[in-house]
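This report walks through a single protein chain, one local feature at a time. Keep the sequence and the 3D view open while reading.

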Amino acid sequence: MAEAVLISNLTQEWVESLRRWHLEYFFIPTTVITLASFLANPVLLACIFLSRALRQETRYLLVANTLTADMLFLVLNLATVICNAAQAQMPWLVCELLTAVSVSAYCCAILTVTLMVADTYAAVRWPLHYHDILPPARTHRILVGVWVLSAVYPFTLLIMMEAGSENPHEKMAVCLVLISLGFIKNMTGIHIYFFVTALICTVLILYCYVRLYMVTRTQGIWQSRFSRARVTLLVHGVLLLLYFTPGFVFILELALFQRKDISQDARVWINTINMCVFMVLPRAFAPYLYGLRYRELSDTLMQLLHQHRRLSQITV
């Protein structure tokens, strides 16, 4: 009962800080960035799933999985931001469910982006055996495993919190992942979960990139300043930075949430900027960078547009 009162008081103080600094208007850039992403994501997904050749390629299946996870995260994030800006109270159970699904979608995108780097390494390192190592059927199983792995811990926490909740239908003034996770008694487990996931992904990415450079440095593909290899590395580097930075900021938020010497306004500002800007930026850039980077994907898009134009002319 005391914990429920504490959460209620904190959410009320959070809403007061949002009103005082007019941070509810951050839903505008969130909406714009989300719409920019939704203009491109469905188009790229349609190109991948309508093309039999692209559906057989592991890298495009990974791209499709990343875009799907991003779209799910963007929808839930935008719904949460709008509800908070409109001061619409949400039942505790619904908020916890949104938190679990959002964390699962975010982790799935991070893991899939990491697998894309590993896939590039495998394609360069073992070009003759690449299709035998990663056939489409095995890739499908890996992607299912990624979704399961991403959802196990968040939904386990959801079940544990609901089992210990006295009033799951109580309404909250604001729904935030930070508040939902910040009041869990065993914070050590959450820190270990996020830290170990980030560490494994970072180590794997660095290993793959270092090994790729070691394998290809004698082939002359790095000599030109604007070579395809350099551009590819730059695109992947920017995307990885954009995807991982909000996660590290969120880990910092969890650490600051437990400290009493940090003002409430500082917590609200950091969380709002991270949630409304940093977490949605990579999901807005990703479809456009993928569309420009992958030649087969852009060619398929142009073919679909050309076919649609021809059908329109025939109909006219």
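Gln87 sits in the loop between helix H4 and strand E1 (90–91). The model is a predicted one. Gln87 has a positive phi of about 60 degrees, although Gln87 is not a glycine. Most residues other than glycine have a negative phi. Is Gln87 buried, partly exposed or exposed? At 38% relative accessibility, Gln87 counts as partly exposed.

His22 can be read alongside. Its phi is near 55 degrees, a positive value in a residue other than glycine. His22 is found in the loop between helix H1 (2–21) and helix H2 (27–50). With a relative accessible area of 48%, His22 is partly exposed.

**Inside helix H4**

Helix H4 covers residues 58–85, and Thr80 lies in it. Thr80 has 7% relative accessibility. The limit for buried is under 20%, so Thr80 counts as buried. Where does the side chain of Thr80 reach? It comes to the backbone oxygen of Leu76, at 2.8 Å. Setting aside neighbours within four places in sequence, Thr80 is in contact with Leu98, Cys175 and Met275. One of these contacts, Cys175, leads on to the next feature.

**The cysteines**

How many disulfides does the structure hold? There is one. Cys95 and Cys175 form it, with their sulfur atoms 2.1 Å apart. This pair links distant parts of the chain, 80 residues apart. Cys95 is in helix H5 (residues 92–125). Cys175 is in the loop between strand E2 (171–172) and helix H8 (177–182). The link of Cys95 and Cys175 is right-handed, with 95 degrees about the S-S bond. Both Cys95 and Cys175 are buried.

Cys208 is buried, with a relative accessible area of 3%. Cys47 is buried too, with a relative accessible area of 1%.

**Salt bridges**

Side chains of opposite charge can pair when their charged atoms come close. The structure holds four salt bridges.

| Salt bridge | N to O distance |
|---|---|
| Arg20 and Asp265 | 2.7 Å |
| Arg59 and Glu296 | 3.1 Å |
| Arg259 and Asp261 | 2.6 Å |

Begin with the salt bridge of Arg20 and Asp265. This pair links distant parts of the chain, 245 residues apart. Arg20 is in helix H1, and Asp265 is in helix H11 (residues 264–278). Arg20 is partly exposed, with a relative accessible area of 47%.

Next comes the salt bridge of Arg59 and Glu296. Arg59 lies in helix H4 and Glu296 in helix H13 (residues 295–315), so the pair ties together parts 237 residues apart in sequence. Arg59 counts as partly exposed at 24% relative accessibility. Glu296 counts as partly exposed as well, at 35%.

Then take the salt bridge of Arg259 and Asp261. Arg259 is partly exposed at 41% relative accessibility. Asp261 is exposed, with a relative accessible area of 55%.

**Helix H9**

Helix H9 runs over residues 187–216, and Ile192 lies in it. Which residues make a nonpolar surface patch? They are Ile192, Phe195, Val196, Leu199, Ile200 and Val203, and the patch is about 570 Å². Ile192 is partly exposed, with a relative accessible area of 48%.

Leu212 lies in helix H9 too. Is Leu212 buried or exposed? At 9% relative accessibility, Leu212 counts as buried. Not counting residues up to four places away in sequence, Leu212 touches Thr120, Tyr121 and Val124. Leu54 is 158 residues from Leu212 along the chain, and their C-alpha atoms are separated by 24 Å.

Key
Residues are numbered from 1 along each chain as its sequence is written. This is a predicted model: local features need pLDDT of at least 70, side-chain atom pairs count only at pLDDT 80 or more; totals for chains, interfaces and linings use all residues. Side-chain values use heavy atoms; hydrogens and water are left out. Helices (H or I, at least four residues) and strands (E, at least two) are DSSP runs, numbered from the N terminus. Buried means under 20% relative accessible area, exposed over 50%, partly exposed in between (1.4 Å probe, protein chains only). A polar contact is a pair of N or O atoms within 3.5 Å; within protein, one must be able to donate a hydrogen and the other to accept it, and residues adjacent in sequence count only if both atoms are side-chain atoms. Contact means heavy atoms within 4.5 Å. A disulfide is a pair of cysteine sulfur atoms within 2.5 Å. Patches are made of residues with over 30% relative accessible area and no salt bridge: like charges are joined within 9 Å, nonpolar side chains (Val, Leu, Ile, Met, Phe, Trp, Tyr) within 5 Å. Accessible areas come from the Shrake-Rupley method with a 1.4 Å probe; for residues, only the protein chains shown count as cover. A salt bridge is a side-chain nitrogen of Lys or Arg within 4 Å of a carboxyl oxygen of Asp or Glu.
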